[in-house]
Amino acid sequence: MSELKFTRDHEWVRLDGDVATVGITDHAQTALGDVVFVELPEVGREVAAGEACAVVESVKAASDIYAPISGRIVEVNGALGDNPGLVNASAFDQGWFFRIEPADPGELAGLMDEAAYAAYLETL
């Protein structure tokens with residue numbers, strides 16, 4: 001399994017072969033509270049890095065989820081439709097949002113590694 005990379009908007013991305021899996025961090029799901037609904041992007045959609053492409057709704061608020069890298073959505077986590085609480089229970093495993101085929105895998109180099117993300121959280 002590849003290492004996780006992080007955005008300042010609290011998305012995580014993990015490249016496995018030619019596909020990257022995207023979700024929100026434990027910090028994000030804790031801040032949101034109980035997730036009650038997730039709107040996922042359509043499979044086949046082309047997204048640009050930083051583009052809002054999904055929505056997560058909690059008992060507190062609704063928040064956009066941004067594509068951490070550019071590419072084409074190749075899969076969404078259908079389990080979130082029936083059980084959006086997976087985001088709270090398993091943010092880095094079962095609670096993933098979508099998988100993307102990167103247009104430029106080099107974009108991952110511009111994201112934070114785990115240590116940099118931890119340091120970033122300390123500034124918030």
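In this predicted model, D16 stands opposite V19 in β3, where strands are DSSP runs (E, at least two residues) numbered from the N terminus. Residues are numbered from 1 along each chain as its sequence is written. Because the model is predicted, local features need pLDDT of at least 70 and side-chain atom pairs count only at pLDDT 80 or more, while totals for chains, interfaces and linings use all residues, and side-chain values use heavy atoms, with hydrogens and water left out.

The pairing of β2 with strand β3 (residues 19-24) is antiparallel and runs over six bridges; two strands count as paired if DSSP finds at least two bridges between them. These two strands form a hairpin with two residues between them, and G17 in the turn has a positive phi of about 70°.

Strand β2 also pairs with strand β1 (residues 4-6), again in the antiparallel sense, over three bridges. Here L4 stands opposite R14 in β2. The hairpin of β1 and β2 has four residues between the strands, and H10 in its turn has a positive phi of about 70°.

V59 is exposed, with a relative accessible area of 59%. Leaving aside neighbours within four places in sequence, V59 is in contact with D34 and V36, contact meaning heavy atoms within 4.5 Å. The C-alpha atoms of V59 and V36 are separated by 6.7 Å, although the two residues lie 23 residues apart along the chain.

Key:
Buried means under 20% relative accessible area, exposed over 50%, partly exposed in between (1.4 Å probe, protein chains only).
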